[in-house]
Amino acid sequence: MASDVPELEDRARKAIEALARAETGRLLGALLRDVRDFQMAEDCLQEALESALLHWSRNGLPDSRAGWVLQAARRKAIDRFRRARNFDRKAEEYGLLIELDQQALSREEPPEIPDERLRLIFTCCHPALDSKTRVALTLRTLCGLTTREIARAFLDATEAMAQRLVRARHKITKAGIPFAIPEPDHWAERLNSVLSVIYLIFNEGYSATAGPDLLRHDLCLEAIRLGRLMLELAPGDAECEGLLALMLLNHSRAQARIDDHGRMIPLDQQDRSLWSGSEIDEGSRTLERALARGRAGLFQLQAAISALHAEATSHADTDWHQIVLLYEAMHARSDNPVYLLNRAAALSYAHGADQALEALGAVEATLGGYQPFHAARADLLRRTGQFEAARQSYRRAIELSGNESERQFLASRMAAMEQST
């Protein structure tokens, strides 16, 4: 029996890691609705996951893992309320948790988990928080990204991002920010942040920051679901339509982005017959409706780029000149150096890798710690025959990547270059 303990513990640990990756947002949203205290909800959820490791290692995995964790987290909250000095002020939340716990006991099954993720997004995107904090906090709470992964996405130091997140949680609690979807007349001050968060959720699923797999379909599909819900809540909003179109058009290529062994396949080598025609059609129609409203925004411009890829019969036949112009239009609206990085990649196919390398120099100081910059630079140096410099950039890109599939792709590209020289 003793020999089974390490195996049970390993199974429990893997199950908890998978649960935290897939269900953090749903669990936290449900718990926050009940306890109405952001920091307490996060703390209780973390304690429940730690308890799960202990119990599941001894007794095996429960049938409803997410329900087990939610029930355990609610009980952690009950204990905290009982010990709290301000118990009288928390009596309503305490009574609700007791009632939910008793209902769960009477059913003899873990509780159902209500889907409160959209309310969680709106809470994190309250105007009392600055724009950057809104996005970072939602990525942490809804997607379960680590602080290091979020810092990397924002090109920040991990410690600085950790402090930002702590301050944000305290501010939400202290200011009494409601856990609610606001009335439509209060949407304008939060809508752009909410849409940005949904798109970042999609991006994390489409190209995972860390882990063995390039794709996380659960996050992609969740982001698309949230995008559809946003459009139901704000019908006729051009940027809501643009975001949904962008995600559908990008996701249409998902099945062609990896081979049977999970290895990354670049755009120019993808089998376009694997692209989803239904998603391309829906994305294109949605984009056309958005653009017809005459209020083109960043999501619509990005969707237009994805539509040009979808319409092209091959990589060579893509309208790269138009894509360059669209990235320039995006950068004119938002001074984001990543748009210039993407413009340089498109420029390499429109006017050659030499011009693209020259354009890349304009963002080197800003994006020196950004992995995609070094991956793009390595490819351009390889294409211009600067193999030693390309080798150095490949190594730097591999060093900065936290995704195993991405690292393998870059290593294979470097190995192929070295074999050919």
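Predicted model: local features only at pLDDT ≥ 70, side-chain atom pairs only at ≥ 80, totals over all residues.
Me: What makes the radius of gyration of the protein agree with a compact globule?
Reply: Set the two values side by side. A compact globule of 421 residues would come out near 22 Å, and the protein has 23 Å, so the two agree. As for the box, the C-alpha atoms fill roughly 70 × 60 × 40 Å along the principal axes.

Me: What is the protein built from, in helices and strands?
Reply: It has 19 helices and two strands. Of the contacts with a separation of 6 or more, 66% are between residues 24 or more positions apart.

Me: Why is Gln302 called buried?
Reply: The cut-off for buried is under 20% relative accessible area. Gln302 has 14%, so Gln302 counts as buried. You'll find Gln302 in helix α13, which covers residues 298-311. Leaving out residues up to four places away in sequence, Gln302 touches Tyr199, Leu246, Met330 and Tyr339.

Me: And Thr318, why does that one count as buried?
Reply: Thr318 has 6% relative accessibility, and the limit is under 20%, so Thr318 is buried. Thr318 is placed in the loop between α13 and α14 (320-333). Its contacts, apart from neighbours within four places in sequence, are Arg272, Leu308, His309, Ala312 and Ile323.

Me: How much of the protein counts as buried?
Reply: That would be 49% of the 421 residues.

Me: Which residues touch the most other members of the largest nonpolar core?
Reply: Val69, Ile121, Ile198 and Met230, in a core of 98 residues. Helix α1 (residues 4-35) gives this core its largest share, 10 residues. A separate core has 21 residues, including Ala356, Leu381, Ala390 and Met417.

Me: What is Met230 in contact with, beyond its neighbours within four places in sequence?
Reply: Quite a list: Leu118, Phe122, Trp187, Leu191, Val194, Leu195, Ile198 and Cys240. One of these, Ile198, is also among the residues that touch the most other members of the largest core.

Note on methods: Residues numbered from 1 in each chain as written. Heavy atoms only, no water. Helix = DSSP H or I, 4+ residues; strand = E, 2+ residues; numbered from the N terminus. Rg over C-alpha atoms; globule rule 2.2 N^0.38 Å. Buried < 20%, exposed > 50% of the residue type's maximum accessible area, 1.4 Å probe, protein only. Contact = heavy atoms within 4.5 Å. Core = buried A, V, L, I, M, F, W, Y, C linked by side-chain atoms within 4.5 Å.
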